[in-house]
Amino acid sequence: MVAMPLPDKTALARRREIAAALRQFVPGEGVIEAPVEMRAYETDGLTAYRQMPLVVVLPETTAQVSAVLKYCHEQDIKVVPRGAGTSLSGGALPLADGVLLGLGKFNRILDIDYANRCVVTQPGVTNLAITQAVQHKGFYYAPDPSSQIACTIGGNVAENSGGVHCLKYGLTANNVLGIEMVLITGEVIRLGGKHLDSEAYDLLGVMTGSEGLLGVVTEVTVRILQKPETARAVLIGFPSNEDAGKCVADVISAGIIPGGMEMMDRPAIHAAEEFVHAGYPLEAEALLIIELDGCAAEIDHLIERVVAIAEANRSNSCRVSQSEDERLVFWAGRKAAFPAVGRISPDYLCMDGTIPRRRLPEVLQGMEDLSRHYGLRVANVFHAGDGNLHPLILFDANDPDELERAEKFGADILRLCVKVGGVLTGEHGVGIEKRDLMPEMFSEADLNQQQRLKCAFDAKGLLNPGKVFPVLHRCAELGRMVVRGGKLPHADLPRF
Amino acid sequence: MTSLKPATEAELVDMVQDALSQRTPLDLTGTGTKKGIGRPMQTAATLDLSGFSEIALYEPEELVITAGAGARLGDVRKLLDDKGQEFAFEPPDLSRLLGAPHSGTLGGMLACNLSGPRRLKAGAARDHILGVAGVSGRGEAFKAGGRVVKNVTGYDLPKLMANSYGTLAALTTVTFKALPKAESEETLVLEGLSDEDAITAMSLAMQSSCEVSGAAHLPAVSADGTSRTFLRLEGVPPSIAYRRDKLAKLLVAPASHLLTTEASRAQWAALRDVHPLAAPDGRCVWRLSVAPAEGAKLVAALKHRIDMQWFYDWAGGLVWLAVSSENGASADAIRAALPSGHATLIRADESLRGQVPVFQPQAPALAALARRVKASFDPVGIFNPGRMQAVS
């Protein structure tokens, strides 16, 4: 288990005083300190970790968020921001000595602007609710993480969430036009808006995926797109992972960027088929779902080419969806892959590395070897177009040894991803889960530069500490300049 | 002025460390084609990064290219084109507008966060940068991001390099996403629309499922007496044919015609590279980013007060303005009329760029945050001091 920083005893002893102070800013039921009521906040999507917060505060306005943060900043109290708590990396795990700042009451869409093709919303609105608010006009919000019915747009900004369509339509970062955010000092800052490109430094880009360590997002402007006229999916079985991987590379080399391109390995195919009976080919070692979207003329043209490429790569089964119902059935198995695996194992860990796609066969082979080594099963679903792997490690949490082995297995998979030129996390975030693996990918100098940026936003390190960075340095220490000879010349000159 | 030209990262580290120890501010440059953008600087030496020009890796089937920050955009374009790929954000060649000999380097493209007409669909340089390596103003080598298209490991420092105008780090290596070029393209040209009607037409086109990948409007004064509204469709031919018919039915104009692939490509390259306002006539050129529906209102508010030429891109969200240099290139009037967004002075002589804020002034809390971000990379202000904001 990843260790969290030791709680500050002074803060623990001040719980009642802190709760009383927060009530001055957020009236009534917006401040929660009864353990039974705080229980709902003790974990997020990474359920192996649980921690009761010091106090929960649920503000409703930007002014309240600002007052709460300003108070915490002045009083040196840690703050953990939280949306719907669906993070798979422990990003919203509370701290025993920290205030949990829930944005659940920021649940209104503020402005739907079709002329400018954007929606201005509060951060606690769910990802899917944005699409639901505009779909009667044929619009949708493109990033579609699998938790989209529950996860909030504020959380999506914090994690730079993806989904199955991001190869063609981009991640959250590519679909957010602007935000309003509050710094830990209580200062309110607006970045971007309904126009394209925020001015000067791209702080909007930095905030996206910053995992709640830089600021609290209180408003989001996202761009919306007109839905493609139609979409069709092709379900293709292959006798080996290599063949499926080669097919993906050939599709892209042919200049085709599908709306979605998903791959499943044999264990995942079987688990999904038993669960939803989508008609997946059980004899296949690997399955590809390739979805083409656009106008009918375009799809017909592209499907013909995709099928030819699949055949050239030894596909042993190929079905093209003939109706919208059939397309949804093809997807049902993939979308239910996680719960399907949940049926065949008491627990599973969902990993999230990204690799250069052509290294897939050796990474899958490496995973098989690790699976034998740790004595745990693994099933793989894979955003094949962009190289984002989701190995699901099957284990039983009631057996502490299995949890430990599963965590080690997961860490080894991520090390393997980095070794072949990939990264630790494609869309789930570092959080606490991958925190201690950061040195696998980054040198101390790399990590120090990232932490210096953190210092520019939060010099006291009060926002979501213990996440993302394995070693917490004080900002004064990070800011020290070591120039040859150990001292900076002209230290008396003003810095600018 | 001294010119330093490192050949390796280790040399670059040494040079920055030396400059730090002597407190010599450095002017970071690739090939100098965008020297005219930003405030004039007082620097003692030029740090020439054009030596980092190697293409380290190009894997078309992985959609990724890693190159030295000093690699020429023109060379990389050719390399990508040979494999049927491109930078989807359509980086412009501003050489005619800026009086430069060529389109510059990848590092400059990122430092200015360039993008072209496809910005409204595909994003800007900031949306396609995957990883960077370089040396901070602390004289420390660092890297960030990676070489895969989906990556949320650590802060997105590569995006922060976009639009930072060399004020944060001296980049050695950049990794970008490369994407397949469309097989074919066509442009529907509507003639005779007023600015306001053109904005409405472009908005309707963008709200349709026609997947318009470029929407620009040249008013009558800039287009031989008849205004033209350009709507680009890209993809496979049967798809373009279908969408073109659908778009033509959706929109009403006094007249219209079509540009087929070659003519369409030439037209969009000219719009992308700001040719309508690029004449070396001594006029200052502004680039305004606003909410698309507000583009025409902004122009209407300004055109009776200022002698100006203009055209719209990004369905109205990008307004290019050419004005005389009088009254500080009308900076105050333009910024006062701006309903949202920002105005950047892209072309003006050096003395004017020293007097007028080239970049949009920021609210105090944001400006203070930006200063702290700068200091987190470059605490003594050794890189491009004053390029973006006056040094206090």
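What is the mean pLDDT of chain B, and what share of its residues reach 70 or more? The mean is 96, and 100% of the residues of chain B reach 70 or more; pLDDT is the predictor's confidence in each residue, from 0 to 100. The model as a whole scores ipTM 0.97 and pTM 0.96. This is a predicted model, in which local features need pLDDT of at least 70 and side-chain atom pairs count only at pLDDT 80 or more, while totals for chains, interfaces and linings use all residues. Residues are numbered from 1 along each chain as its sequence is written, and chains are lettered from A and ligands numbered from 1 in the order in which they are written.

Chain A has 18 helices and 18 strands; helices (H or I, at least four residues) and strands (E, at least two) are DSSP runs, numbered from the N terminus. Chain A is as compact as a globular protein of its length, because its radius of gyration is 24 Å, close to the 23 Å that the globule rule gives for 496 residues. That radius is taken over C-alpha atoms, and the rule is 2.2 Å times the number of residues to the power 0.38. The C-alpha trace of chain A spans about 70 × 55 × 55 Å along its principal axes.

Of the 496 residues of chain A, 58% count as buried. A residue is buried if 20 or more other C-beta atoms, placed from the backbone, lie within 10 Å of its own. Among the contacts in chain A with a separation of 6 or more, 73% join residues 24 or more positions apart. Two residues are in contact if their C-beta atoms, placed from the backbone, lie within 7 Å.

Chain B has 14 helices and 18 strands. Its radius of gyration is 21 Å, which agrees with the value near 21 Å for a compact globule of 392 residues. Along the principal axes, the C-alpha atoms of chain B fill a box of roughly 65 × 50 × 35 Å. Buried residues make up 58% of the 392 residues in chain B.

Where the chains touch, the contact takes 78 residues from chain A and 82 residues from chain B. On the side of chain A that touches chain B, the helices that each supply at least two residues include α9 (241–253), α11 (296–312) and α17 (444–457). The largest share of that side, eight residues, comes from α17(A). By class, the side of chain A that touches chain B has 31 nonpolar, 29 polar and 18 charged residues. Ala, Val, Leu, Ile, Met, Phe, Trp, Tyr, Cys and Pro count as nonpolar, Asp, Glu, Lys and Arg as charged, and the others, Gly among them, as polar.

Definitions and conventions: Buried ≥ 20, exposed ≤ 12 C-beta atoms within 10 Å, placed from the backbone.
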